[in-house]
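Got a model open and wondering where the labels come from? Let's go through them one at a time.

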Amino acid sequence: MLVNNAGIAMLALNGPDALKVFDANAVPIVRVTEAALPLLKRSANPVVVNVSSALGSFAANHDPARPASHVSAIVYGASKAAVSMLTVQYARAVPEVKFNAVEPGYTATEMGGHHNSQGRPVEISARNIVLTAAIGNDGPTGTFQEDDGELGW
Ligand SMILES: NC(=O)c1ccc[n+]([C@@H]2O[C@H](COP(=O)([O-])OP(=O)(O)OC[C@H]3O[C@@H](n4cnc5c(N)ncnc54)[C@H](OP(=O)(O)O)[C@@H]3O)[C@@H](O)[C@H]2O)c1
């Protein structure tokens, strides 16, 4: 299995920082997945999990009931929308490997260069990532998972 988890958040709006965010959040999905695919295809149950965010979900951004619709994260959100499309496209292009995206939830990590003390514990957010990485042969592909089930793209 492959879990594409690395990511950064930068709020500055300029070209160099936008490139850094896409270079850390979206482009590695291609780099690492392409590097891992030969090995994944030799697995009896090949699974890829792309750690994304509700901030990259068009559905969550348009739902007033969701925090993502009230947060301004222009470049970060766009980079995570790219992660979503990479997940959908890879799921279709490589049907023998299961590709799913996961929204881990707002979590107390070092994201953004400071400790998100308001976020929930890492152990809780990691659970859904682990569960999605551990799906069996009959598990889904091309989905966006969160705590309560599927998150709209
Ligand atoms: N925290 C949240 O509330 C939240 C919410 C939704 C989604 N997410 C997503 O969850 C994932 C994990 O983030 P986190 O919250 O755990 O943040 P974090 O504590 O800042 O950890 C980010 C991780 O990504 C790695 N990384 C960053 N840039 C990299 C690069 N260019 N090359 C290789 N590794 C790189 C970091 O490695 P180093 O330590 O070596 O720099 C670190 O291990 C990210 O994809 C993030 O977008 C987080």
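Here are some questions about the terms used for this structure, with their answers.

Q: How do you know how far to trust the local features of this model?
A: It is a predicted model, so local features need pLDDT of at least 70, side-chain atom pairs count only at pLDDT 80 or more, and totals for chains, interfaces and linings use all residues. As for numbering, residues are counted from 1 along each chain as its sequence is written.

Q: What makes up the secondary structure of the protein chain?
A: There are 5 helices and 5 strands, and along the sequence they run β-α-α-β-α-α-β-α-β-β. Helices here are DSSP runs of H or I with at least four residues, strands are runs of E with at least two, and both are numbered from the N terminus.

Q: Why is the protein chain called as compact as a globular protein of its length?
A: Because its radius of gyration is 15 Å, close to the 15 Å that the globule rule gives for 153 residues. The radius is taken over C-alpha atoms, and the rule is 2.2 Å times the number of residues to the power 0.38.

Q: What makes a residue a contact of Gly 152, and which ones are they?
A: Two residues are in contact if their C-beta atoms, placed from the backbone, lie within 7 Å. Leaving aside neighbours within four places in sequence, Gly 152 has Ser 57, Ala 59 and Ala 60 as contacts. Gly 152 and Phe 58 are 94 residues apart in sequence, yet 7.6 Å apart in space, C-alpha to C-alpha.

Q: What makes a nonpolar core, and which residues touch the most other members of the largest one?
A: A core is a set of buried Ala, Val, Leu, Ile, Met, Phe, Trp, Tyr and Cys residues joined through C-beta atoms within 7 Å. The largest has 23 residues, of which Val 48, Val 49, Ala 54, Val 83 and Leu 86 touch the most other members. Strand E2 (47-51), helix H4 (74-93) and strand E3 (98-102) each supply at least two residues of this core, with the largest share, 5 residues, coming from H4.

Terms used
Buried ≥ 20, exposed ≤ 12 C-beta atoms within 10 Å, placed from the backbone.
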